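The paragraphs below go through part of one structure, beginning with a pair of strands and ending with a pair of helices. Please keep the sequence and the model at hand while reading.

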Amino acid sequence: MNNETKKIPYKIYLEEHEMPTQFYNVRADMKKKPAPLLNPGTLEPMTFEELRGVFCDELVKQELDDTTAYFDIPQEIQDFYKMYRPAPLVRAYCLEERLQTPAKIYYKFEGNNTSGSHKLNSAIAQAYYAKQQGLKGVTTETGAGQWGTALSMACAYLGLDCDVYMVKVSYEQKPFRREVMRTYGAKVTPSPSETTAIGRKILADHPGTTGSLGCAISEAVEAATSREGYRYVLGSVLSQVLLHQSIIGLETKAAMDKYGITPDIIIGCAGGGSNLGGLISPFMGEKLRGEKDYRFIAVEPASCPSLTRGKYAYDFCDTGMVCPLSKMYTLGSGFIPSANHAGGLRYHGMSSVLSELYDQGLMEARSVEQTEVFKAAEDFARIEGILPAPESSHAIKAAMDEALKCKETGEEKTILFGLTGTGYFDLKAYEQFNNGQMTDHIPTDEELAAGFAGLPRV
C-alpha cells in the first residue's frame with residue numbers, strides 16, 4: 001500500500017503484538033568488524049574472563065558476539081517495555097508546513113517515559129541481566145542525567161542497588177534530574193569525588209575541574225570492582241548498548257513498512273552513539289546486505305567533535321585509564337569539553353561500531369554549534385509542541401537544514417530523525433540561550449593536539 005492510497009497519520013503507533021521480540025546486532029552484517037577491545041596491559045583482545053569482573057556475564061557475551069544477528073528479548077524486558085513502548089513515529093506535518101519544504105519529515109520520539117529519553121531501553125536490559133546473575137547492585141556514570149535516571153528506574157523496578165557518579169557540572173546545574181534519581185532509590189555522587197582513589201587523583205591533578213563523563217566512568221568502574229556483588233553498567237558507546245537500542249530502529253522500520261514509507265536520509269545526534277546506533281541499525285543492515293541504500297548523518301557538537309575532528313585510534317574509554325582500550329574516533333581520554341558547553345553529547349570518543357561504519361564511508365558526520373542547536377530547538381518546540389532535549393536538537397538542526405535544501409532543489413526526500421528525549425531538565429541551558437548568554441566554544445587545533453598527545457601507543 002503506498003502513501004497516496006493511505007493517508008499517513010500524525011503519529012504512527014504499532015500494536016503491542018507488532019513490537020519487536022528480538023534485538024538486532026548490526027555487527028553480524030558487517031564484513032569488516034569493529035576492532036576488539038584490548039587489555040591495556042597486554043594489548044591483547046579482552047577475554048570473557050577479563051571482562052566479567054567488570055560487566056555482567058550475559059552482557060559480556062553480547063559485547064563479544066559480532067556474528068549472531070538476533071538476540072531474543074526476555075519476556076520480563078518485553079513486559080517492562082510495554083509501559084512506555086511502542087514509541088510513536090511522528091510525521092512532522094507542522095514543521096514541513098512552516099519550512100514550506102517538499103520534503104517529508106518523520107521523527108521517532110523516545111521521550112515518553114519518566115527518564116525522558118531512549119536510555120531506558122538499555123537500562124532495563126542491563127539491570128535485568130544483573131538481577132538474573134544474582135547481583136546486589138550496579139554502578140554507573142551519568143552526564144546530563146538521562147542515563148542515571150533510566151538506570152535508577154530499572155533498578156527500582158527490579159530491586160537492585162544503584163550507585164550513580166554524575167559529572168559535577170551537571171550535578172550542580174541539574175538538581176532536579178538528581179532528585180528524580182534519588183526518588184527512584186539511587187545514590188548520586190558528584191564526579192570527580194573524594195570517594196574513590198581515581199577521583200582523588202583527578203582532583204589532585206585538575207583542582208576545581210567540572211568533571212567529564214570519562215572521569216565519572218573511572219569512578220564508577222572502581223566502585224563496582226572494589227565491592228562484592230556489584231558490576232558496572234554503561235549507558236552508551238558499548239556494542240551491547242547499541243544492541244539493546246536497536247529496538248528504536250526496529251520499531252521505526254516496522255512503522256514505516258506498515259505505510260510503505262522508505263526514508264532517504266536518516267539523522268541522529270551522536271555523543272557515544274547509543275541512540276544513533278539504535279535508530280540506524282536495521283536500515284544499516286539493509287545497506288550492508290546490499291538490499292537498499294540510505295544516507296546516514298551523525299550530528300555532533302562542534303565543542304566535542306570526535307567524528308569530524310578526532311582520530312581513529314585505540315584509546316581509553318575513561319579519563320582514569322582503568323577501562324579496556326577501544327578503537328574509535330576519539331579526542332583523547334584526557335579531553336574535557338568546555339564547561340560552557342551545555343548541549344550534551346560530551347563524550348570524548350564514539351562507539352567502535354559507528355566508528356568503523358564511518359571509517360568505511362557508510363555514514364557521514366557533521367558538527368554544529370550550540371547556539372544554532374538551541375535556535376533549532378526553540379523553533380521545533382514552537383512548531384511541533386515538544387520541548388526537545390539539547391542532545392536531540394542536534395538532529396533537529398540537521399533535519400531542518402536538509403529539509404531546506406529540498407526546498408531549494410524541489411526534491412521530495414523523506415527525512416527521518418531520532419528525537420531522543422525531552423528537555424524539561426535542561427531549562428538552565430534554555431535559560432542561558434533565552435538570556436543571550438550562551439556561547440559557542442570550538443576547540444583549537446592546539447587544544448585537540450593536547451588530547452591526541454595522550455593517546456596510548458598501540
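This is a predicted model. A place to begin is Val138, whose bridge partner in strand E7 is Cys162. Six bridges join strand E6, residues 137–142, to strand E7, residues 161–167, and the two strands pair in the parallel sense.

These strands belong to an open sheet of four, ordered E8-E7-E6-E9, with parallel pairing. Strand E8 (187–191) and strand E9 (230–232) are the edge strands, and each of them pairs on one side only. On average, neighbouring strands of this sheet are turned by 20° against each other, direction ignored.

Helices also lie against these strands. Helix H8, residues 175–183, lies across E6, E7 and E8, and runs at about 170° to E7. Helix H10, residues 213–225, packs on the sheet and touches E6, E7, E8 and E9. The direction of H10 makes about 170° with that of E6.

Two further helices pack on each other. Helix H5 (residues 120–132) meets helix H6 (residues 146–158) at an angle of about 40°, and their axes are 8 Å apart. Because of that angle, H5 is oblique to H6. The crossing in which H5 passes H6 is right-handed.

Which residues of H5 and H6 make the contact? From H5 come Leu120, Ser122, Ala123, Ile124, Gln126, Ala127, Tyr128 and Lys131. From H6 come Trp147, Ala150, Leu151, Met153, Ala154, Cys155, Tyr157 and Leu158. Sorted by class, the contact of H5 with H6 has 13 nonpolar residues, two polar and one charged.

How values were computed: Residues numbered from 1 in each chain as written. Predicted model: local features only at pLDDT ≥ 70, side-chain atom pairs only at ≥ 80, totals over all residues. Heavy atoms only, no water. Axes fitted to C-alpha atoms, helices over the stretch in contact; angles between N-to-C directions. Parallel < 35°, antiparallel > 145°, perpendicular 65-115°, else oblique. Left-handed = near helix turned anticlockwise from the far one by under 90°. Contact = heavy atoms within 4.5 Å. Nonpolar A, V, L, I, M, F, W, Y, C, P; charged D, E, K, R; others polar. Pairing = 2+ DSSP bridges.
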